[in-house]
Structures are given as structure tokens and as C-alpha cells.
Amino acid sequence: MESSARRDSPILTPREIYERLDRYVIGQEAAKRAVAIAAHNHLKRIQARRMRRGSLIKKSNILLIGPTGSGKTHIARNLADILSVPFTTVDATEYTEAGYYGKDVEVMVADLLFKSNHSVEDTQRGIIFIDEVDKIARRSQGARNGAGSRDIGGEGVQQALLKLLEGREVFVPMNVTQSFNRGDMVPIDTRDILFICAGTFSDLQEYGSQGESRPLGFGAPDVKTLRRRITTRQLVEFGMLSEFLGRLPVVVQLELLGEPELLRVLTEPPDSIVREYGELLGLDGIELDLNEEALREVVRFSVDKGLGARGLRSILEHVMADVMFEAPERRHRRVTVDRAFVRARLEGLEAGAGLGA
């Protein structure tokens with residue numbers, strides 16, 4: 001009943017998708033708008049196919065380019081929640097070219113099938129988020145035609161992904177943990193599965209183009225002013241196949257989050273980290289007071305270490321460790337965390353030690 005009700009419900013407009021994303025994703029306005037448009041077109045394409053109408057609408061697969069902690073995974077996960085579709089995250093570096101030791105690309109569809117409780121219908125309209133896609137760039141270019149040397153973890157994976165991105169019927173294992181067992185397979189049509197690929201492309205996105213030197217000295221322009229749009233040509237030179245990029249028509253470039261945005265990440269979203277800690281301590285009958293200066297100290301540390309939004313949780317876990325350990329035994333029903341407390345806790349923390357990027 002729920003599935004049929006969802007089918008009959010009106011398609012969300014790009015503005016509605018954007019506004020729902022905006023509640024949970026801080027900053028990245030251009031990225032949220034681009035993703036909202038792509039998602040809306042994707043829903044229209046699914047509806048047209050469901051009504052068995054011929055449609056000219058092509059797949060709106062997305063490529064997200066941005067630094068660590070800029071919100072690539074966060075945008076994809078919240079988009080799946082908004083669209084009420086199954087969602088899975090996979091790491092591109094785990095896959096190899098077919099016939100070699102490692103995971104075949106069909107396993108990522110099997111993972112989505114598992115996340116949808118083995119419902120083929122739900123799987124065929126889900127979202128697969130492929131992270132670290134920049135790590136499967138072609139390693140070398142030897143021949144004059146641009147073909148590289150044998151690379152089972154790079155160019156071969158890109159070629160294997162082409163059929164999934166474009167949309168084909170593939171046979172995937174029912175049991176993700178036994179992908180080598182070809183006996184128990186199920187056909188899945190990937191034409192309506194939305195693929196969102198993401199990568200840092202750090203050599204490209206920091207200064208706009210390869211080979212561009214970084215200006216130094218007084219009066220040098222700010223790095224943000226140098227940031228340019230990454231072109232398809234640059235991505236091809238980086239080692240991505242043009243056929244692979246052609247199946248990712250929506251390219252979204254995310255910006256590095258600054259201190260104001262990171263401070264909002266800590267406090268504004270309904271699922272923010274500060275609210276989570278408040279609820280955790282509230283279950284022990286304790287009121288948490290994390291003042292703004294303390295939060296600014298956390299944000300400043302994350303910016304200095306280049307951890308982005310992803311590092312905020314790791315930093316707060318370290319800062320709040322003693323408080324959380326002693327909370328159930330506290331006699332005082334109010335805990336105040338100020339700037340001095342945060343600074344004292346961070347002083348003993350080595351640069352980036354224990355804080356995964």
C-alpha cells in the first residue's frame with residue numbers, strides 16, 4: 001500500500017527538494033539547486049516510464065566534486081531520504097575489472113538490493129552513491145590512442161561501470177557476502193537507478209587547473225578567488241574516461257566550508273551534533289550548555305586542520321569524552337562547556353591525530 005501511495009503522490013518540485021535539503025545541508029547553495037533539478041528530472045523520467053510512455057528524458061546521474069568534509073555524502077544521503085528510495089554508499093576503490101580478484105561492479109547493485117529488503121521494484125528506483133571515484137582514474141597513458149597500461153583498479157573499473165550508469169539489465173547476486181556464487185542471481189534493470197559519484201579531485205579543485213602555481217607573499221589574491229569551474233578536458237587529463245564522464249551529465253562543484261558555515265552545521269540542522277549531545281545528556285537528566293565561543297573554538301580547530309564538516313564530530317567526541325564518562329554520576333544537573341574547557345582539551349591533541357578526514 002505504501003509503495004502504491006508513493007507512486008500516486010505528486011512529484012516534488014525542484015524548489016521543494018531544495019527546501020528539504022536546505023534543512024539538513026548547510027551552505028552549498030548552487031550544489032543543492034543543481035541536485036534538486038537533477039532529482040526532479042529523474043522522478044519525471046521514472047513516472048514517464050511507469051506510465052509506459054516513450055520519453056526523451058535521459059538519466060541525470062550526478063558527479064559531485066569537492067574537498068573533504070564539504071557535504072558530498074551528506075547531500076546524497078538526505079536526497080535519498082527526501083525521495084523515499086533505498087540508498088547505499090560504496091567505495092570505488094573496492095572494485096576491480098571483471099575477472100580479477102575483488103568485487104565486480106554488479107555487487108554495488110546487490111548491496112542496494114539488500115538495503116531495499118530484496119525488493120526488486122524498490123531497488124530499480126534507488127540511489128547508489130559511489131565515493132572516491134577520483135581514485136579509479138587511469139594510472140598511465142602509454143599508447144598514442146590514449147589507452148593506458150593494464151590497470152584493474154582504475155580504467156577497467158570505469159569501463160565496467162559504463163553499463164550500470166547508462167542503464168542495462170544486469171544479473172546481481174542475492175547474497176552480497178557470496179558474490180562469487182553465480183548460482184543465486186536476480187536480474188536488475190539499472191535504467192532508473194540514480195548514480196551519484198563523488199571525489200575530491202584534489203589536484204584539480206584547489207586551484208582550478210593543473211600546473212597553475214600558487215601565489216605567495218603579501219597582497220597575493222585569496223585562494224577562493226582563484227577557484228574556477230573544472231572542465232571536462234581537465235577531468236579527462238586527470239585520468240577519467242570521456243565515456244564515463246558522458247554518463248554523468250550533472251557535474252556539481254562544492255565549495256570548501258568556512259567558519260560561519262561550520263558553526264551553523266554544529267547547531268542548525270535538526271540532526272545537528274550539538275542537539276544530539278543535548279539529547280544524550282538529557283536522558284541522564286543533565287542540561288548541556290555549549291556556548292558559542294566554545295563552538296567557535298571547535299570550528300577553528302577543524303578549519304586549521306583542514307577536516308571540514310566531517311571532522312567536527314571527531315573533535316567534539318574528544319572534547320566531550322570526560323563529560324560523557326562522568327555524566328551519569330554527576331550531582332549537578334547542568335554542564336557548561338566554555339571556550340577555556342575546549343581549548344584545554346584540544347591542547348593535547350596532535351595535528352589531526354585520531355581525527356579521520
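**View 1. Salt bridges across the predicted model.** The structure holds 23 salt bridges, a salt bridge being a side-chain nitrogen of Lys or Arg within 4 Å of a carboxyl oxygen of Asp or Glu. This is a predicted model, in which local features need pLDDT of at least 70 and side-chain atom pairs count only at pLDDT 80 or more, while totals for chains, interfaces and linings use all residues. Residues are numbered from 1 along each chain as its sequence is written, and side-chain values use heavy atoms, with hydrogens and water left out. Side chains of opposite charge can pair when their charged atoms come close.

**View 2. The salt bridge between D22 and K32.** The closest N and O atoms of D22 and K32 are 2.4 Å apart in this salt bridge. Because D22 belongs to helix α2 and K32 to helix α3, the pair ties together parts that are 10 residues apart in sequence; helices (H or I, at least four residues) and strands (E, at least two) are DSSP runs, numbered from the N terminus. D22 counts as partly exposed, at 32% relative accessibility, whereas K32 is buried with a relative accessible area of 0%. Here buried means under 20% relative accessible area, exposed over 50%, and partly exposed in between, with a 1.4 Å probe and protein chains only.

View 3. E106 forms a salt bridge with K163, with the closest N and O atoms 2.8 Å apart. E106 lies in helix α5 (residues 106–115) and K163 in helix α7 (residues 155–166), so this pair ties together parts that are 57 residues apart in sequence. E106 is buried, with a relative accessible area of 13%, while K163 is partly exposed at 32%. In the other pair, R247 forms a salt bridge with E166, and their closest N and O atoms are 3.2 Å apart. This pair links distant parts of the chain, since R247 sits in the loop between α11 and β7 (250–253) and E166 in helix α7, 81 residues apart.

**View 4. The buried face of helix α2.** In helix α2 (residues 14–24), the residues I17, Y18 and L21 are buried. Seen down the axis of α2, its buried residues fall within an arc of 100 degrees, so they line one face of the helix; the arc is that of the directions from the helix axis to the C-beta atoms. The buried residues of α2 pack against α3 (29–50) and α4 (72–83).

**View 5. F201 and the nonpolar cores.** A nonpolar core is a set of buried Ala, Val, Leu, Ile, Met, Phe, Trp, Tyr and Cys residues joined through side-chain atoms within 4.5 Å. Of the 40 residues in the largest nonpolar core, L63, M108, I128, I130, L161, F201 and F244 touch the most other members. Leaving aside neighbours within four places in sequence, F201 is in contact with L63, I65, V133, D134, L235, F238 and M240, where contact means heavy atoms within 4.5 Å. A second, separate core of 31 residues includes L266, A294, L346 and L349.

**View 6. S242 in helix α11.** S242 is found in helix α11 (residues 242–246), and at 46% relative accessibility S242 counts as partly exposed. S242 and T232 are 10 residues apart in sequence and 8.0 Å apart in space, taken from C-alpha to C-alpha.
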